[in-house]
Amino acid sequence: MTAPAETLLVLTNLPDADSARQIARQLVEQRLAACVNILPACTSVYRWNDAIESAAEVPLLIKTTLARYPALQAALTELHPYELPEIIAVPLHEGLPAYLAWVDTETAEPHP
């Protein structure tokens, strides 16, 4: 079973709901994520190429493990439409043990 510190919450933002659903489904299908929450659209304000920008984005909350993070990051980088996507991981220090075990089981690499 995965220890709480080995369970991660990964955050990213997509430009629209369709791309968010498509990427979320692929991550779960590939067992890179146990669950992906697609949140309502938000407004992001950021500096890009020396200009202040504002954009509507759809946040994703991705639950995975430390062991699966490198593959998840590679997949997100490949699938993401942004030139420089926000991909950040936050370790979970506490959580319902049964839920953390479920994340571990659902993200286990498939055996041939």
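This note sets out points on the salt bridges, surface, helix packing and strand pairing of a predicted model.

1. Basis of the values. The model is predicted: local features need pLDDT of at least 70 and side-chain atom pairs count only at pLDDT 80 or more, whereas totals for chains, interfaces and linings use all residues. Residues are numbered from 1 along each chain as its sequence is written, and side-chain values use heavy atoms, with hydrogens and water left out.

2. The structure holds four salt bridges, a salt bridge being a side-chain nitrogen of Lys or Arg within 4 Å of a carboxyl oxygen of Asp or Glu. One of them joins arginine 21 to aspartate 18, with the closest N and O atoms 2.4 Å apart. Both residues belong to helix 1 (residues 17-29) and are three residues apart, about one turn of the helix. Helices (H or I, at least four residues) and strands (E, at least two) are DSSP runs, numbered from the N terminus. Arginine 21 is partly exposed at 46% relative accessibility, while aspartate 18 is exposed at 53%; buried means under 20% relative accessible area, exposed over 50%, and partly exposed in between (1.4 Å probe, protein chains only). Glutamate 29 and arginine 25 also form a salt bridge, at 3.0 Å from N to O. These two are four residues apart in helix 1, about one helical turn. Glutamate 29 is exposed at 54%, as is arginine 25 at 59%. An α-helix has 3.6 residues a turn, so residues three or four places apart point the same way.

3. A salt bridge between separate segments. Arginine 68 pairs with glutamate 109, the closest N and O atoms being 3.7 Å apart. Arginine 68 lies in the loop between strand 4 (51-65) and helix 2 (69-79) and glutamate 109 in the segment after helix 3 (97-106), so the pair ties together parts that are 41 residues apart in sequence. Arginine 68 is buried, at 9% relative accessible area, whereas glutamate 109 is exposed, at 53%.

4. Threonine 107. This residue is also placed in the segment after helix 3. Threonine 107 is buried, with a relative accessible area of 1%. Beyond its neighbours within four places in sequence, its contacts (heavy atoms within 4.5 Å) include Leu32, Lys63, Thr65 and Arg68.

5. Packing of helix 2. The buried residues in helix 2 include Tyr69, Leu72, Ala75 and Leu76. Seen down the helix axis, the buried residues fall within an arc of 125°, so they line one face of helix 2; the arc is that of the directions from the helix axis to the C-beta atoms. They pack against strand 1 (7-14), helix 1, strand 4 and strand 5 (88-91). Pro70 and Glu78, on the other side of helix 2, are exposed.

6. Partners of strand 4. Two strands pair if DSSP finds at least two bridges between them. Strand 1 runs antiparallel to strand 4, joined by eight bridges, and valine 10 has isoleucine 62 as its bridge partner. Strand 2 (residues 35-38) pairs with strand 4 in the antiparallel sense over four bridges. Strand 3 and strand 4 pair in the antiparallel sense over seven bridges. Strand 3 and strand 4 form a hairpin with two residues between them, and asparagine 49 in the turn has a positive phi of about 55°.
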